[in-house]
Amino acid sequence: MTYKRFFWRVGRTVLLYGWFIGLSVLMAALLERGLLPQFRAMLSWGTTLVLWIGSTVLSFFALYSCLRQFALNDTERYKAFSEGADIAVKPCWRDAARATVKSPAFLCETVVLVAMIMGLPTGAGWAGLGALAETYLPLPRVLSRLLIGALVSLIGTALNLSAHISAEANWRLDARAAAMKQGSVGGKRAMAPGWRRLLLYAFFVSLGYTFLCLAGPMVVFAVFGLLYTLAGFLSWQVAAVFAGLFLLLLAHRYLRALRAVRRFKKDVLAVCREAGYTCSGFSHLYGSVFPGKRCGTFSVVAGGKRYACCVAGAVRRGNRMLITGNDCIHEYVFRLFKRPLLCYYHSTSLDFPADGERILIVHPAPYTIMVGTDGVVREGVTGDRVGKSILYTAANFLGCLARDCIGKN
């Protein structure tokens, strides 16, 4: 690392921690303002403790948000990654962590970060943690300061490592999705990593934490106050029912996907029973609807032929799914004035049973499925061969299975 890059890295880390300190001080002030007098009366003597704990927890979350945004928009590391990384190979977590720890950029950032944490007063970003230690940790002030600095430094180093690993994983998925979408019809690409995107994202992150600290206590106390009032007039059982209905409302997409998967499994078993086929080996079928989990698998023996089936689903049907030979990439696009502001991806490996012709079933299916066949990216339809597997939706698979024409034109 040259002196120029070293000082650039040091200045970048100082700017990062300065953003965190400003955000942490602002959150502490807004959190105290958000606790209205009526809320303080309800908490009575516990008001100060709630403020200290809330400020400390939010500070750790804010530190990770700052570290992650700077890691995601590190122009130097992004250029090195785009020039030399193999996007098709996904390293395991240990290899990625080992490579990150050995990188000069991470080591320099970590040393500067730890030096600022240990050198600056506890009130600079960690006022709540300092107040907790002073009240509940009967130690001399110097020793208490050293323990707080060591704890925050350890957690900060772990968060920085996680941010660097997460950034490279996001770059790899972005690159694979971009390669997958070459030649396909789509809107403008999202903003590339760099200072411009960092400033924009920093603004939205700061705005989000500001809104959380100012309105969060009001929402929490309003919800609990409503439940307490209902419990007083009716019963705690009724309040629990209302809380359950609220949670069901939030999770309705996943419940709908789980119900669709259950219905699909029931239909597969019914078709196999009526036609005299053998169906077995259902695994991870319900877990396939959750992000980042394994795909569901099962096997069918029909007409003397064995089919190894893999089920991949999309909970949000409006988001595109990009399918390669080895995995499927789920795309989440957030737009501002019709321009893609943030593209987020997560991938799920396509795991098939060991033996048989590979059948990929997308269920629940999104509105748009993009597949790469013979170097051409286009919208996928039933019967497309993707790698070594054949693509089907649930309805098409059940129809072809009933007629024993899977994989036949």
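Mentor: Buried means under 20% relative accessible area, exposed over 50%, and partly exposed in between (1.4 Å probe, protein chains only). This is a predicted model, in which local features need pLDDT of at least 70, side-chain atom pairs count only at pLDDT 80 or more, and totals for chains, interfaces and linings use all residues. Residues are numbered from 1 along each chain as its sequence is written, and side-chain values use heavy atoms, with hydrogens and water left out.

Trainee: Is Asp 404 buried or partly exposed?

Mentor: Asp 404 has 26% relative accessibility, so it counts as partly exposed. Asp 404 lies in the segment after helix 12. Helices (H or I, at least four residues) and strands (E, at least two) are DSSP runs, numbered from the N terminus. Check the backbone too. Asp 404 is not a glycine, yet its phi is positive, about 55°.

Trainee: Which loop holds His 284?

Mentor: The loop between strand 1 and strand 2. His 284 also has a positive phi of about 55° without being a glycine. Its relative accessibility is 38%, so His 284 is partly exposed.

Trainee: What kind of peptide bond joins His 363 and Pro 364?

Mentor: A cis bond, with omega about -5°. Pro 364 sits in the loop between strand 7 and strand 8 (369-373).

Trainee: Now helix packing. What is the angle between helix 5 and helix 6?

Mentor: Two packed helices are described by the angle between their axes and the distance between the axes. Axes are lines fitted to C-alpha atoms, for helices over the stretch in contact, and angles run from 0 to 180 degrees between N-to-C directions. Helix 5 (residues 93-102) and helix 6 (residues 104-119) pack at about 70°, with axes 5 Å apart. The two helices are therefore roughly perpendicular (65 to 115 degrees; under 35 is roughly parallel, over 145 roughly antiparallel, the rest oblique).

Trainee: Which residues make the contact between helix 5 and helix 6?

Mentor: Helix 5 gives Thr 100, Val 101 and Lys 102, and helix 6 gives Pro 104, Phe 106 and Leu 107. Contact means heavy atoms within 4.5 Å. By type, the contact of helix 5 with helix 6 has four nonpolar residues, one polar and one charged. Here Ala, Val, Leu, Ile, Met, Phe, Trp, Tyr, Cys and Pro count as nonpolar, Asp, Glu, Lys and Arg as charged, and the others, Gly among them, as polar.

Trainee: Which residues touch the most other members of the largest nonpolar core?

Mentor: In soluble globular proteins, nonpolar side chains tend to be buried together. A nonpolar core is a set of buried Ala, Val, Leu, Ile, Met, Phe, Trp, Tyr and Cys residues joined through side-chain atoms within 4.5 Å. The largest one has 42 residues, and Tyr 17, Phe 20 and Trp 126 touch the most other members. Elements giving two or more residues to this core include helix 1 (3-34), helix 3 (47-72) and helix 8 (141-180). Helix 3 gives the largest share of this core, 10 residues. Another core of 28 residues lies apart from it, with Val 268, Val 300, Val 311 and Leu 401 among its members.

Trainee: What does Trp 126 touch?

Mentor: Leave out residues up to four places away in sequence. Trp 126 then touches Tyr 17, Phe 20, Thr 56, Ser 59, Phe 60, Leu 63 and Val 152. Trp 126 belongs to helix 7. At 4% relative accessibility, Trp 126 is buried. Ser 55 is 71 residues away from Trp 126 along the chain, but their C-alpha atoms are separated by 8.0 Å. Contrast Leu 147 in helix 8. Leu 147 is partly exposed, at 42% relative accessible area.

Trainee: What is the strand order in the open sheet?

Mentor: The order is 1-2-3-7-11-10, six strands with mixed pairing. Two strands pair if DSSP finds at least two bridges between them. Strand 1 (278-283) and strand 10 (385-386) stand at the edges with a single partner each, so one side of each has no neighbour in the sheet.

Trainee: How many bridges join strand 7 and strand 11?

Mentor: Five, in the parallel sense, between strand 7 (residues 357-362) and strand 11 (residues 389-393). Ile 359 stands opposite Ile 390, and Leu 360 has Leu 391 as its bridge partner. Strand 10 and strand 11 run antiparallel, joined by two bridges. They form a hairpin with two residues between them, and Gly 387 in the turn has a positive phi of about 65°. Four of the five residues of strand 11 are buried.

Trainee: Which strands does helix 12 touch?

Mentor: Helix 12 (residues 394-403) packs on the sheet against strand 2, strand 3, strand 7 and strand 11, and its direction makes about 105° with that of strand 11. Helix 11 (residues 252-275) also packs on the sheet, at about 160° to the direction of strand 1.
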